[in-house]
Amino acid sequence: MANTSQSRKRARQAETHRQRNAGQRSTMRTAIKSVIAAINAGDSDAAKSALAVSTTVLDRAVTHGLIHKNKAARHKSRLNKRVKALG
């Protein structure tokens, strides 16, 4: 357990940040899965709208330092390619 007041505060902050990051990570993964579900269902309009939502969620995750910008770009590129292939 943390001994100094500084280390106790850092432990509190780390737990707060961990919970916030977990929530944002869950939101990001859910957005990606909604695009994939729409693609698998063959619904082009739903896939396009879900792609728009997931793009903003991924960009926000990059801004908050949750993921690297290249990882977000990779996800967006692959999802966009699959949506375009849908027609």
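Predicted model: local features only at pLDDT ≥ 70, side-chain atom pairs only at ≥ 80, totals over all residues.
The angle between H2 and H3 is about 175°, and their axes lie 10 Å apart.

What brings the two helices together? On the H2 side you can look for Ser44, Ala47, Lys48, Leu51, Ser54, Thr55, Leu58, Asp59 and Val62, while H3 contributes Lys69, Ala72, His75, Lys76, Leu79, Asn80, Val83 and Leu86. Sorted by class, the contact of H2 with H3 holds eight nonpolar, five polar and four charged residues.

Is Ser44 buried or exposed? With a relative accessible area of 17%, Ser44 is buried, because the cut-off for that label is under 20%. Leaving aside residues up to four places away in sequence, Ser44 touches Leu86 and Gly87.

Now turn to the other partner of H3. Helix H1 (residues 5-41) packs against helix H3 (residues 69-86) at an angle of about 20°, again with axes 10 Å apart. That angle makes H1 roughly parallel to H3, and H1 passes H3 in a left-handed crossing. To trace this contact, follow Ile32, Val35, Ile36, Ala38, Ile39 and Asn40 in H1, which meet His75, Leu79, Arg82, Val83 and Leu86 in H3. Here the classes come to eight nonpolar, two polar and one charged residues.

Key:
Residues numbered from 1 in each chain as written. Heavy atoms only, no water. Buried < 20%, exposed > 50% of the residue type's maximum accessible area, 1.4 Å probe, protein only. Contact = heavy atoms within 4.5 Å. Axes fitted to C-alpha atoms, helices over the stretch in contact; angles between N-to-C directions. Helix = DSSP H or I, 4+ residues; strand = E, 2+ residues; numbered from the N terminus. Parallel < 35°, antiparallel > 145°, perpendicular 65-115°, else oblique. Left-handed = near helix turned anticlockwise from the far one by under 90°. Nonpolar A, V, L, I, M, F, W, Y, C, P; charged D, E, K, R; others polar.
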